[in-house]
Amino acid sequence: MESLQLTRLLFCKPCLKLPKLAPTLAFGPFRHVGFGSLSRNRAKNGCLIARSSVDIGGGDGGGYGGSNTHEGSSAVEDEKEEQRGFLLGPERDVSGSVVGFNLIPPSGEQAVIESHEDVASYGVEESEDIEGEKKAATRVTYNIVFVSAEAAPYSKTGGLGDVCGSLPIALAKHGHRVMVITPRYQNGTAADKKFAGAVDVDCRIKIPCFEGVQEVSFFHEYREGVDWVFVDHPSYHRPGNPYGDSNGAFGDNQFRFTLLCYAACEAPLVLPLGGYTYGENSLFLVNDWHAGLVPVLLASKYRPYGVYKDARSILVIHNLAHQGVEPAATYKNFGLPPQWYGALGWVFPTWARTHALDTGEAVNVLKGAIVTADRLLTVSKGYSWEITTVEGGYGLQDLLSSRKSVLDGITNGIDVTEWNPSADEHLTCHYSADDLSGKVQCKIDLQKELGLSIQPDCPLIGFIGRLDYQKGIDLIQAAIPELMEDDVQFVMLGSGDPQYENWMRAAETTYKDKFRGWVGFNVPISHRITAGCDILLMPSRFEPCGLNQLYAMRYGTIPVVHATGGLRDTVETFNPYAQGGSGEGTGYVIVPKLLAWMVFLGHGSKLFPPNIVVECTVRWTFSPLEKESMLGALRTAVMTYRQHRSSWEGLMRRCMEKDYTWENAATQYEQIFEWAFLDPPYVG
């Protein structure tokens with residue numbers, strides 16, 4: 001019978017029992033044991049290699065050296081490095097004790113990995129033998145728990161729902177075990193049917209908060225490799241969206257999302273999904289302030305009692321403007337120990353206080369999450385920098401700057417199946433980067449549908465988004481009279497501030513042949529505007545990531561954006577003189593009018609002040625955002641469309657070839673996961 005000869009071992013705990021090998025081997029997961037920092041070496045210094053050899057023989061000791069009580073590390077070298085080998089990883093029981101080893105085949109062979117343990121397993125990473133030859137590949141997989149107030153398609157008000165509805169699926173495809181936990185909203189509309197596939201798991205837990213005990217239950221649906229878990233409580237059953245209704249934000253949101261956070265901490269411990277729990281060694285991805293109490297609870301109510309001592313939490317900030325701030329007197333509602341008040345305590349600056357006797361004391365849930373989370377993430381690299389500035393930090397810039405070493409940014413992805421111009425169900429004509437002819441027909445169809453004059457060669461500009469100050473609607477309103485003097489058409493889709501909704505209706509009456517304003521939101525129309533327009537305008541004052549510019553580029557519609565946050569990260573300003581005259585970039589960044597024209601004419605490189613960085617794609621930022629700057633960028637884009645069609649088609653193709661898939665984003669998230677486990681967890 002074949003058995004094992006140990007050829008290499010570093011920093012590995014002792015094996016209690018070596019499994020006997022049949023001629024046909026079954027392979028289990030490979031796991032690192034001991035220090036997380038060894039993973040940085042990609043297993044070059046810490047792999048245990050097992051090779052086929054003669055039978056080791058009998059003996060009661062099992063393991064190596066015939067001993068099951070061996071302490072410390074061992075190092076065994078084999079002189080026959082040219083032999084084929086297997087990676088050897090430890091097998092653990094439910095208590096975490098090592099009870100044996102599993103084998104991983106060499107590179108090129110398939111291994112079926114099935115784990116029912118609540119520990120991180122290893123999938124594919126690089127590994128080399130002593131001579132430098134690449135052997136097997138291993139990658140860490142984790143038990144990941146997303147906590148979010150919304151997750152598409154079940155609930156969605158914006159980008160947060162998109163992220164928590166798509167990223168978990170992408171990570172599950174990478175081999176991770178993924179749970180998404182979110183409220184089970186029931187608002188008495190057709191949207192309630194989206195939860196129809198979730199079944200009651202018959203598990204109730206009691207939560208000590210708000211000076212009482214609250215009971216919540218769980219519903220579960222397994223879809224696309226992800227465990228979708230819904231927290232059920234009467235406070236989630238009311239008309240409106242997840243946060244409020246026509247009268248404004250719900251007054252008990254602190255209560256509703258405190259329940260969510262407690263339930264999220266308990267779910268990995270009590271829900272036997274697929275027959276077994278996620279367990280204590282979980283990685284929590286908490287999204288915005290609604291889930292911000294999770295890392296605080298882990299640090300204050302679990303780790304002091306030996307629970308979740310190896311878990312990690314990552315705070316994902318989608319919009320720092322929303323922080324979950326309530327009066328200081330509400331701290332007792334959280335059910336936290338009194339000594340943890342400092343983590344959430346917050347004092348408003350003097351200018352923001354309501355009266356002279358107001359001390360400004362409050363509790364800030366997002367601040368508590370920033371303090372206690374193991375790592376911090378934003379939804380773009382640009383936004384991760386902006387939130388450390390006075391302009392973008394909303395009072396938390398100093399705290400965020402102090403944690404800059406664990407602060408990163410990853411640009412969101414998009415669903416390339418839903419947003420696919422070659423197969424979009426909402427379009428009557430399809431096209432691709434290889435054949436752009438269908439885009440003209442999409443433009444004609446949109447002009448017909450909206451009652452605009454049919455002019456295939458007339459530049460069609462679009463806007464899709466909320467009608468509020470953040471999105472720069474006031475700038476569009478100020479610029480429309482001047483813009484309508486040019487031979488262009490303009491289409492807007494959105495809802496929000498009533499004053500902007502009324503303005504859109506009035507503008508449509510004033511500019512009957514050139515302007516259309518659709519008040520409200522309509523998914524098919526949003527797809528047809530994205531496909532039919534030549535230019536998409538996004539003059540946002542701040543934009544943590546932004547998705548519409550990614551959708552536009554996917555459809556070959558050129559974005560004109562303000563250089564902020566994710567817009568600056570994803571849109572490269574068009575430079576017609578790069579690449580030997582073939583052009584470079586994917587859009588236009590709004591800049592002062594003179595500079596926009598000078599750069600287009602090729603004379604801008606010497607005009608920039610020292611504090612503005614110019615790259616080969618001519619990226620830059622400026623302040624403040626102004627109507628003249630926006631008009632200058634739009635006119636540059638319109639001139640390129642009319643006079644340089646070959647360059648414009650090059651722009652379209654470069655946009656459509658950009659990779660903003662969730663697969664790409666998931667790979668970047670995995671790097672953050674690895675970093676999170678290199679350092680010890682937050683313990684206060």
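**View 1. An open sheet of three strands has the order β16-β18-β17, with antiparallel pairing.** Strands (E, at least two residues) and helices (H or I, at least four) are DSSP runs numbered from the N terminus, and two strands pair if DSSP finds at least two bridges between them. At the edges stand β16 (325–327) and β17 (345–347), each of which pairs on one side only. On average, neighbouring strands of this sheet are turned by 45° against each other, direction ignored. The model is predicted: local features need pLDDT of at least 70, side-chain atom pairs count only at pLDDT 80 or more, and totals for chains, interfaces and linings use all residues. Residues are numbered from 1 along each chain as its sequence is written, and side-chain values use heavy atoms, with hydrogens and water left out.

**View 2. Strands β16 and β18 (residues 361–364) run antiparallel and are joined by three bridges.** V325 has N364 in β18 as its bridge partner.

**View 3. β22, helix α10 (residues 498–510) and β23 form a right-handed β-α-β unit.** Right-handed means that, with the strands pointing away from the viewer, the path from the first strand over the helix to the second runs clockwise. Five bridges link β22 (residues 489–494) with β23 (residues 515–519), and these strands run parallel. Opposite G494 stands V519 in β23.

**View 4. In the largest nonpolar core, of 103 residues, V147 and F218 touch the most other members.** Helix α2 (residues 253–270) supplies the largest share of this core, 10 residues. Such a core is a set of buried (under 20% relative accessible area, 1.4 Å probe, protein chains only) Ala, Val, Leu, Ile, Met, Phe, Trp, Tyr and Cys residues joined through side-chain atoms within 4.5 Å.

Terms used:
Axes are lines fitted to C-alpha atoms, for helices over the stretch in contact, and angles run from 0 to 180 degrees between N-to-C directions. Buried means under 20% relative accessible area, exposed over 50%, partly exposed in between (1.4 Å probe, protein chains only).
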